[in-house]
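Trainee: I have a chain open and would like to go through it piece by piece. Can we start with the terms?
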Amino acid sequence: MPLTLAWMLVALCAASGGYCLLRARRADRSARGAAAGEAVMGFGMAAMALPADTGPWGPPVLLAVFCGAALHALWLLRGGAHHAHHLVGSLAMAYMALAMTAGHGHGRAGLPAVTGALLLYYAGYVLLGGARLVTAGGAARPAGAVPAGVPGGAGELTRACRLAMGTGMLAMLLAM
């Protein structure tokens, strides 16, 4: 992956993680877990996309963090199947960290069948998320004038962050 593209991906994922962290702070108890999970994924994706070599300790630490995130996502599945995406994302990041551990750096391929399945999943996720975001549109309004849940409101920004993280995941998988 070109250096400029890698840093743009880091910035995009970190910004999405930051927004999700702020959303988790403001969310009620029922929505806090999902927002916090998305924040962890955003920051984790930013760390995974860093172009600099993290040294021999980096991939094992990332693997441990994403295995922990996968366990958290598995715990969230008690609340409903809508948390399955967090589990897939955590496992995909753990898979990429494991491939980095085996190959000593970015750009090392994992198992073709697993990588292909994840590519299909994220390509579908990005296409579906983009279509939902486009159809949720509405007339342009000033930023503070729209309540959450109304087209143009915070719900669309949340969908846009999810779409950005899905696109980032797709880019990282393509770079394997």
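Mentor: Start with burial: a residue under 20% relative accessible area is buried, one over 50% is exposed, and anything in between is partly exposed. Keep in mind that this is a predicted model.

Trainee: Then what is V61, and what is its relative accessible area?
Mentor: The relative accessible area of V61 is 41%, so V61 is partly exposed, lying between the 20% and 50% limits.

Trainee: Where is V61 found?
Mentor: V61 belongs to helix 3, which covers residues 58–76.

Trainee: Let me step back. What does the secondary structure of the chain come to?
Mentor: There are 6 helices and 0 strands. Along the sequence the pattern reads α-α-α-α-α-α.

Trainee: How many residues are in the chain, and what percentage is buried?
Mentor: The chain has 176 residues, and 39% of them are buried. As for the surface, the chain exposes about 9500 Å², with 72% of that supplied by carbon and sulfur atoms.

Trainee: What about contacts between residues at least 6 apart in sequence: what share joins residues at least 24 apart?
Mentor: That share is 71%.

Trainee: Back to helix 3. Is F66 buried or exposed?
Mentor: F66, which lies in helix 3, has 0% relative accessibility and therefore counts as buried.

Trainee: Which residues is F66 in contact with, leaving aside neighbours within four places in sequence?
Mentor: G44, M45, M48, S90, M93 and A94. There is also a C-alpha separation to note: F66 and V40 are 26 residues apart along the chain, and their C-alpha atoms are separated by 9.1 Å.

Trainee: S90 is on that list. Where does S90 lie, and what does it touch beyond four places in sequence?
Mentor: S90 lies in helix 4. Apart from residues up to four places away, S90 touches M41, F66, A69, A70 and A73. S90 counts as buried, because its relative accessibility is 2%, under the 20% limit.

Trainee: How many residues line the largest cavity, and which lie nearest its centre?
Mentor: The lining has 13 residues, and those nearest the centre are E38, M41, H85, H86 and M165. Helix 2 (29–49), helix 4 (84–103), helix 5 (112–135) and helix 6 each give at least two residues to that lining.

Trainee: And how much space lies in the largest pocket?
Mentor: About 350 Å³. Helix 2, helix 4, helix 5 and helix 6 are the elements that give two or more residues to the lining of this pocket.

Trainee: Which element supplies the largest share of the pocket lining?
Mentor: Helix 5 does, with 5 residues. In total 14 residues line the pocket, and E38, H85, Y125, R132 and R162 lie nearest its centre.

Trainee: Staying with helix 5, is T115 buried or exposed?
Mentor: T115 is found in helix 5 and is buried, because its relative accessible area is 11%, which is under 20%.

Trainee: What about G168: where is it found, and how far is its C-alpha atom from that of C13?
Mentor: G168 is in helix 6, residues 154–174. The C-alpha atoms of G168 and C13 are separated by 7.1 Å, although the two residues are 155 residues apart along the chain. G168 is buried, with a relative accessible area of 1%, and it touches L9 and M45, leaving out residues up to four places away in sequence.

Trainee: One last residue. Where is L50 found?
Mentor: L50 is in the loop between helix 2 and helix 3. Its relative accessible area is 29%, so L50 is partly exposed.

Trainee: How far apart in space are L50 and V10?
Mentor: They are 6.2 Å apart, C-alpha to C-alpha, and 40 residues apart in sequence.

Technical notes. Residues numbered from 1 in each chain as written. Predicted model: local features only at pLDDT ≥ 70, side-chain atom pairs only at ≥ 80, totals over all residues. Heavy atoms only, no water. Buried < 20%, exposed > 50% of the residue type's maximum accessible area, 1.4 Å probe, protein only. Contact = heavy atoms within 4.5 Å. 1 Å grid on protein atoms, 1.4 Å probe; cavity = no way out; pocket = protein on both sides within 12 Å on 5 of 7 lines; lining within 4 Å. Areas by Shrake-Rupley, 256 points an atom, 1.4 Å probe, with all protein chains shown as cover. Points joined across faces, edges and corners; volume = space filled by probe spheres on them.
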